[in-house]
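Dear colleague,

I am passing on to you the structure we spoke about, with the sequence alongside. Please open it first and then read on, as my notes follow directly below.

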Amino acid sequence: MKDRKRTEKKILDAVGSIIAGDGFEGIGINAVAQQAGVSKMLIYRYFEGLNELISSYLLQKDYWVNTNIDFRESSDIGESLKRLFREQIRQMRGDITLRRLHRWELSTADQTVRLLRERRERNGCELVKAVGELTHSPHAEVASLASILSASISYLVLMEEQTAVYNGIDLQSDTGWEQVAQGIDLMIDLWMKHIRRPDRKSVV
């Protein structure tokens with residue numbers, strides 16, 4: 001079993017290496033087998049085929065599929081949310097395969113992408129529900145804010161490779177991204193202040 005786990009990791013690492021070099025268009029069983037140094041038959045035995053191989057890789061890489069924060073253990077939900085979105089920035093900026101995943105997903109609608117979106121949606125809804133219950137906020141309100149912030153980060157990270165400056169912010173520098181992160185922090189702080197108003201009606 002340990003040998004299988006190591007071999008599966010080797011195969012999935014090969015997928016990531018191909019994506020980083022050639023994008024998703026370069027992925028094929030032959031290319032992965034050569035990159036990983038294993039036989040095509042072994043890949044079919046472990047992953048059944050190309051679709052399952054790509055699905056396995058995407059599901060282990062996507063940030064929102066794998067984000068699992070227990071907000072119930074947090075003494076300050078606002079600070080936890082800030083860390084959540086800052087981590088999205090860090091991971092997407094630091095991983096070319098994540099960026100290529102998002103770019104590829106925008107132009108693809110096959111079974112692999114549908115599975116990824118279903119898993120991401122399920123995990124995202126669970127996070128939204130947890131935040132809503134903890135802050136006694138309407139689900140629609142939390143979902144809207146989460147969608148705007150997460151989508152904005154994804155868009156700006158994808159723009160970074162092609163557009164150096166956006167609204168005067170240097171997207172290709174850590175300083176510029178700290179400015180973006182501070183803007184997100186401010187929005188979360190303002191929302192936390194809003195939901196703590198004395199006249200705010202809580203959702204039961």
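Glu 105 and Arg 120 are both buried in this predicted model, and the two form a salt bridge in which the closest N and O atoms are 2.9 Å apart. Glu 105 lies in helix α7 and Arg 120 in helix α8, so the pair ties together parts that are 15 residues apart in sequence. The two residues also belong to a network of salt bridges that links Asp 62, Glu 105, Arg 117 and Arg 120.

Arg 120 leads on to helix α8, whose buried residues include, besides Arg 120, Val 113, Leu 116, Asn 123, Leu 127 and Val 131. The buried residues of α8 pack against α4 (50-61), α5 (63-66), α6, α7 (96-105), α9 and α10. After α8 comes His 136, which has a positive phi, near 55°.

Helix α10, one of the elements that α8 packs against, covers residues 174-195, and its 22 residues should span 32 Å at 1.5 Å a residue; the end C-alpha atoms are 31 Å apart, which agrees. Among its buried residues are Trp 177, Val 180, Ile 184, Asp 185, Ile 188 and Trp 191, and the buried residues of α10 pack against α6 (77-94), α8 (111-135), α9 (139-160) and β2 (169-170).

The structure holds 16 salt bridges, and two of them deserve a look alongside the pair described above. Lys 82 forms a salt bridge with Asp 189, with the closest N and O atoms 2.7 Å apart. This pair links distant parts of the chain, since Lys 82 is in helix α6 and Asp 189 in helix α10, 107 residues apart. If you want a sense of distance across the model, the C-alpha atoms of Asp 189 and Phe 24, which are 165 residues apart along the chain, are separated by 39 Å.

The other salt bridge joins Glu 178 and Arg 86, whose closest N and O atoms are 3.1 Å apart. Glu 178 lies in helix α10 and Arg 86 in helix α6, so this pair ties together parts that are 92 residues apart in sequence. Glu 178 counts as partly exposed at 33% relative accessibility, and Arg 86 counts as partly exposed at 29%.

As for the chain as a whole, its secondary structure comes to 10 helices and two strands, which follow one another along the sequence in the pattern α-α-α-α-α-α-α-α-α-β-β-α. The C-alpha atoms fill a box of roughly 65 × 40 × 30 Å, taken along the principal axes, and buried residues make up 43% of the 204 residues. Of the contacts between residues at least 6 apart in sequence, 64% join residues at least 24 apart. The accessible surface comes to about 12000 Å², with 51% of it belonging to carbon and sulfur atoms. The chain carries 29 positive and 29 negative side chains, and the centres of these two sets lie 3 Å apart.

With kind regards

Note on methods: Residues numbered from 1 in each chain as written. Predicted model: local features only at pLDDT ≥ 70, side-chain atom pairs only at ≥ 80, totals over all residues. Heavy atoms only, no water. Helix = DSSP H or I, 4+ residues; strand = E, 2+ residues; numbered from the N terminus. Expected span 1.5 Å × (residues − 1). Buried < 20%, exposed > 50% of the residue type's maximum accessible area, 1.4 Å probe, protein only. Contact = heavy atoms within 4.5 Å. Areas by Shrake-Rupley, 256 points an atom, 1.4 Å probe, with all protein chains shown as cover. Lys, Arg positive; Asp, Glu negative; His and termini not counted. Charge placed at Lys NZ, Arg CZ, Asp CG, Glu CD. Salt bridge = Lys/Arg side-chain N within 4 Å of Asp/Glu carboxyl O.
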